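Dear colleague,

Please find the structure below.

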Amino acid sequence: MLPIIDRIPTSPDDRYALSDGNSIPCIGYGTWRVKDREDGARVCEEAVRAGYRHFDTAYLYGSEGSVGEAVRTSGIARSEFFVTTKVWKDDLSAEGARRELGVSLERLGLDYVDLLLIHWPRRSAEDADWKRAITETWNAFQDFKAEGLVKSIGVANFLPHHFATLEGETPVVNQIEVHPGYLQEEVIRYCRERGILVEAWAPLGQSRLMTNDVVRAIAEKHGVTPARVCLRFSLELGLLPIAKSADPERMRANRDVFNFALDDEDRAALFGLPEKTGWSGEHPDDAIPMPDPSKL
Ligand SMILES: NC(=O)c1ccc[n+]([C@@H]2O[C@H](COP(=O)([O-])OP(=O)(O)OC[C@H]3O[C@@H](n4cnc5c(N)ncnc54)[C@H](OP(=O)(O)O)[C@@H]3O)[C@@H](O)[C@H]2O)c1
């Protein structure tokens, strides 16, 4: 069982230090499926009103325009925000990454992003050339940083064997799926040992954990919601949860996780959930279908 960290954040505005000297707000707002299903920019503006300053988007998501609009029209200094975007697996090359980053910055209407991630380590299970593709892309990321287009660089969905392909700088972040029932302890330990902050995507198990009996029982015991149990669990392990909600009340509640603490019994129950409870079904070395952007 992973130990809890010594200095658990005490407010949603606390920041984690990144290994390159920058820092990042300890809770992020996820924007996968925000655009087109709801009015994306209004949802992101609501998230700003709820207090979020850390937005997670991607070239793939179709939400960069909404995030950018919310940031630019907020009346809040750009430096108060932390915006992450990602280069998709189909463009893992120096040229492809530069093209995507250019499009992302244009959609965002910003002149830099705070964090750029390699979104997925390989195009498909059959992709024999994935190591070269990552090395080349990572070298280009270091150029983007030197050019001031990005402040920090990192990866997503990397397992230990993927890191061996990187040359030069160590990524500051690895964004992976983590939640009770899908803990990826080996990856978290690997990252901790190297000073790489782990961001937890799908911290609520994409809402599948909201109806889990174990999570619900812990929530009831503390008088909180199942979502707050999952988010608190992430923070106590030193992870940075990125949850998505289009609902203003839930957005606010998902930041309100600093006035209760899980105990050893809760943690043992959450660590004891059957492996793959709430799992998305997506594995970094498998092919995942490229969604039709018009249907996001
Ligand atoms: N790097 C990657 O490969 C990767 C992959 C997936 C996701 N991500 C990032 O991680 C973010 C979060 O992951 P996710 O969106 O897949 O899953 P998630 O945040 O675990 O779950 C989102 C779902 O939970 C519901 N929800 C949110 N708060 C709730 C609450 N308090 N009570 C009940 N239900 C609640 C949301 O519905 P409502 O909107 O109706 O509230 C939505 O259906 C994404 O948006 C994206 O930014 C990254």
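On a 1 Å grid over the protein atoms alone, a cavity is a set of points where a 1.4 Å probe fits but cannot get out, and its lining residues have an atom within 4 Å of a point. This is a predicted model, in which local features need pLDDT of at least 70, side-chain atom pairs count only at pLDDT 80 or more, and totals for chains, interfaces and linings use all residues. Residues are numbered from 1 along each chain as its sequence is written, and side-chain values use heavy atoms, with hydrogens and water left out.

The whole structure holds one cavity of 30 Å³ or more. The largest cavity has a volume of about 50 Å³, a volume being the space filled by probe spheres set on the points, which are joined across faces, edges and corners. Its lining consists of N157, I176, E177, Y182, Q184, W201, E282 and P284.

Turning to the cysteines, a search of the whole structure finds zero disulfides, a disulfide being a pair of cysteine sulfur atoms within 2.5 Å. For C191, the nearest cysteine sulfur is that of C26, 19 Å away. For C230, the nearest cysteine sulfur is also that of C26, at 16 Å. C191 counts as buried because its relative accessibility is 0% (buried means under 20% relative accessible area, exposed over 50%, partly exposed in between, with a 1.4 Å probe and protein chains only). C230 is likewise buried, with a relative accessible area of 0%.

Finally, W32 counts as partly exposed, because its relative accessibility is 26%. W32 and Y61 lie 29 residues apart in sequence and 5.6 Å apart in space, C-alpha to C-alpha.

Terms used:
On a 1 Å grid over the protein atoms alone, a cavity is a set of points where a 1.4 Å probe fits but cannot get out, and a pocket is an open set with protein on both sides within 12 Å along at least five of seven lines; lining residues have an atom within 4 Å of a point.
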